[in-house]
Amino acid sequence: MTHEAFAALLADPDMGGCAFTYGRLVESVDAKGRARLEEEIFSARGNIQPAPGRERELLPEEDRVRDCILIFTTAPLGAGGGASVKADRVYYAGGAYRVRRAEPWREHGGFTKALAVLAKDADGLCPARTQGDTGGAAPHEEEGNVR
């Protein structure tokens with residue numbers, strides 16, 4: 001099966017495929033020399049389902065009790081790492097989810113398997129968005145933090 005055929009299968013609504021948006025935080029410096037986080041918003045398609053117990057076991061204890069989703073997509077989702085790389089945020093069904101684990105299977109199937117948990121306000125994430133035709137919603141506008 002080619003990567004294109006597999007991507008079409010992941011996005012097929014009859015197989016659970018749907019549209020969603022995700023945001024990637026990018027750190028920049030403003031005119032006054034202060035660090036500023038800006039979120040770039042991207043559209044994607046994939047298969048999103050509730051995370052099963054076996055996947056939840058891979059999460060830290062505090063995240064296991066929160067709402068979790070398992071995502072299979074051709075989008076390059078990332079779980080972050082280090083101080084300068086932030087985890088991607090997935091906006092789906094009116095909720096904002098933070099990617100906690102991401103496994104790139106680019107060479108074998110051309111997709112990413114990601115596990116995301118429902119974000120809390122304490123995470124510094126955007127509140128839930130209203131649902132639109134992309135499965136997520138319109139970009140969150142907060143004092144120019146979104147491009």
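**Exercise 1.** Which residues form one aromatic cluster?

*Solution.* The model is predicted: local features need pLDDT of at least 70, side-chain atom pairs count only at pLDDT 80 or more, and totals for chains, interfaces and linings use all residues. Residues are numbered from 1 along each chain as its sequence is written, and side-chain values use heavy atoms, without hydrogens and water.

Step 1. Rings of Phe, Tyr and Trp (its six-membered ring) pair if their centres lie within 6.5 Å; planes under 30 degrees apart count as stacked, over 60 as edge-to-face and the rest as tilted. The structure holds four aromatic pairs.

Step 2. One of them joins F20 and Y22, with 6.5 Å centre to centre and 45 degrees between the planes, and is tilted.

Step 3. The ring centres of Y22 and F42 are 5.2 Å apart and the planes are at 25 degrees, so this pair is stacked.

Step 4. The cluster is therefore F20, Y22 and F42.

**Exercise 2.** State whether Y22 is buried, partly exposed or exposed, and do likewise for F42.

*Solution.* Buried means under 20% relative accessible area, exposed over 50%, partly exposed in between (1.4 Å probe, protein chains only). Y22, at 5%, is buried; F42, at 29%, is partly exposed.

**Exercise 3.** Which residues have the most contacts inside the largest nonpolar core?

*Solution.* Such a core is a set of buried Ala, Val, Leu, Ile, Met, Phe, Trp, Tyr and Cys residues joined through side-chain atoms within 4.5 Å. The largest has 14 residues, and F20, Y22, I71 and V90 have the most contacts inside it.
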